[in-house]
Amino acid sequence: MLANTVPDHSQDPTAEEWLSPRDICNILHIPEQTFYQWRVNHQGPRAHKVGRHVRVIRSDFETWIAEHLEA
């Protein structure tokens, strides 16, 4: 019988979770327009175009959140 193991995705960036603008806005409880304003002004989390879709890697989002928390 195999033991339960957690896969190691540290070497595979495609294995990370990708968030949509809607996902991020739901997490932060903000309007989607705010996300897109941040994007235009280069203030939001690092985002990538995948085809015609905008996506943010969860770890990039978490890093951005940590950098923007008020002390």
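A salt bridge (a side-chain nitrogen of Lys or Arg within 4 Å of a carboxyl oxygen of Asp or Glu) joins the side chains of R58 and E17, with N and O 2.7 Å apart. R58 belongs to helix 3 (residues 58-67) and E17 to the segment before strand 1 (18-19), so this pair ties together parts that are 41 residues apart in sequence. The model is predicted, and local features are described at pLDDT of at least 70, side-chain atom pairs at pLDDT 80 or more, whereas totals for chains, interfaces and linings use all residues. Residues are numbered from 1 along each chain as its sequence is written, and side-chain values use heavy atoms, with hydrogens and water left out.

Helices (DSSP runs of H or I, at least four residues) and strands (DSSP runs of E, at least two) are numbered from the N terminus. The protein has three helices and three strands, which follow one another along the sequence in the pattern β-α-α-β-β-α. Residues are called buried under 20% relative accessible area, exposed over 50% and partly exposed in between, with a 1.4 Å probe and protein chains only. Of the 71 residues in the protein, 20% are buried. A contact is defined by heavy atoms within 4.5 Å. Among contacts between residues at least 6 apart in sequence, 46% join residues at least 24 apart.

The salt-bridge count is four. In the pair described above, R58 is partly exposed at 26% relative accessibility, and E17 is also partly exposed, at 42%. R58 also meets E62 in a salt bridge, with 3.8 Å from N to O. E62 and R58 lie four residues apart in helix 3 and are therefore separated by about one helical turn. In general, an α-helix has 3.6 residues a turn, so residues three or four places apart point the same way. E62 is partly exposed, with a relative accessibility of 44%. Through salt bridges that share partners, E17, R58 and E62 form one network. Another salt bridge is formed by R46 and D60, whose closest N and O atoms are 3.0 Å apart. This pair links distant parts of the chain, 14 residues apart: R46 is in the loop between helix 2 (32-40) and strand 2 (48-50), and D60 is in helix 3. R46 is exposed, at 52% relative accessible area, whereas D60 is buried, at 17%.

The three strands make an open sheet in the order 1-3-2, with antiparallel pairing; two strands are taken as paired if DSSP finds at least two bridges between them. Strand 1 and strand 2 are at the edges with a single partner strand each, so one side of each has no neighbour in the sheet. Strand 2 and strand 3 run antiparallel and are joined by three bridges. Helix 3 lies across strand 1, strand 2 and strand 3, at about 65° to strand 3. For this angle, axes are lines fitted to C-alpha atoms, for helices over the stretch in contact, and angles run from 0 to 180 degrees between N-to-C directions.

In helix 1 (residues 21-28), the buried residues are P21, I24 and C25. Viewed down the helix axis, these residues fall within an arc of 95°, so they line one face of helix 1; the arc is that of the directions from the helix axis to the C-beta atoms. R22 and N26 are exposed on the other side of helix 1. The buried residues of helix 1 pack against strand 1, helix 2, strand 3 (53-57) and helix 3. Just after helix 1, H29 has a positive phi of about 60°.

S20 is located in the loop between strand 1 and helix 1 and is buried, at 14% relative accessible area. Residues up to four places away in sequence not counted, S20 touches V54 and R55. F35 is part of helix 2 and is buried, with a relative accessible area of 2%. Apart from neighbours within four places in sequence, F35 is in contact with P21, I24, C25, I30, P45, V54 and V56. The C-alpha atoms of F35 and C25 are 7.0 Å apart, and the two residues are 10 residues apart in sequence.
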